[in-house]
Amino acid sequence: AVENANIAKHAQDIIRENNLTEKITVIKSKIEEAELPVPKVDIIISEWMGYFLLYESMLDSILFARDKWLNEGGIMLPDRATLWIASIEDEEYKNKKIHFWDNVITTLFLTHQIRSMAVSYT
């Protein structure tokens, strides 16, 4: 097991309490910096999916682990995800962030430039 957070210590305690120290090794490290005691593994289990599947940016890390350590024919769990997207309009947010610039007292050019920037960043 490779875990960079402090939960790695608790995982070691659970492994020890269940007499699994001969089967499970916990390495506290980032996956990209870890040195495994074996050249390849048969299975990779990871909790890589954050909000909107990619929020925590763990996809790169799990792909790195797969490419470096997973045996040919090995498995990754979970091995798939579904992303459902629906468009919405949040009128209150739009008015607050975009149409705010319609009421700013300044030159037409400056207001247009700032409004364009606001639209591109939201």
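Trainee: In which loop does Tyr51 lie?

Mentor: Tyr51 sits in the loop between β3 (41-45) and α2 (59-69). Helices (H or I, at least four residues) and strands (E, at least two) are DSSP runs, numbered from the N terminus. Residues are numbered from 1 along each chain as its sequence is written. This is a predicted model: local features need pLDDT of at least 70, side-chain atom pairs count only at pLDDT 80 or more, and totals for chains, interfaces and linings use all residues, while side-chain values use heavy atoms, with hydrogens and water left out.

Trainee: Is Tyr51 buried or exposed?

Mentor: Start with the cut-offs: buried means under 20% relative accessible area, exposed over 50%, partly exposed in between (1.4 Å probe, protein chains only). Tyr51 counts as exposed because its relative accessibility is 63%.

Trainee: Which residues make the nonpolar surface patch with Tyr51?

Mentor: Patches are made of residues with over 30% relative accessible area and no salt bridge; like charges are joined within 9 Å, nonpolar side chains (Val, Leu, Ile, Met, Phe, Trp, Tyr) within 5 Å. Here Tyr51, Phe52, Tyr55, Leu83 and Ile85 make a patch of about 670 Å².

Trainee: How many salt bridges are there?

Mentor: A salt bridge is a side-chain nitrogen of Lys or Arg within 4 Å of a carboxyl oxygen of Asp or Glu. The whole structure has 5. In one of them, Lys9 pairs with Asp13, with the closest N and O atoms 3.2 Å apart. These two are 4 residues apart in helix α1, so about one helical turn separates them.

Trainee: What about Arg80?

Mentor: Arg80 bridges to Asp79, with closest N and O atoms 3.4 Å apart. Arg80 is exposed at 65%, and Asp79 is exposed at 52%.

Trainee: Which residue does Lys94 meet in a salt bridge?

Mentor: Lys94 meets Glu89, at 3.9 Å from N to O. Lys94 is partly exposed at 34%, whereas Glu89 is exposed at 58%. Elsewhere, salt bridges that share partners join Lys9, Asp13 and Arg16 into one network.

Trainee: How much space lies in the largest pocket?

Mentor: Rolling a probe the size of a water molecule over the atoms shows where empty space is left. On a 1 Å grid over the protein atoms alone, a pocket is an open set of points where a 1.4 Å probe fits, with protein on both sides within 12 Å along at least five of seven lines; lining residues have an atom within 4 Å of a point. The largest pocket holds about 1,100 Å³.

Trainee: Which residues lie nearest its centre?

Mentor: Of the 35 lining residues, Ala1, Val2, Glu3, Ile31 and Ile45 do.

Notes. Accessible areas come from the Shrake-Rupley method with a 1.4 Å probe; for residues, only the protein chains shown count as cover. Grid points are joined across faces, edges and corners, and a volume is the space filled by probe spheres set on the points.
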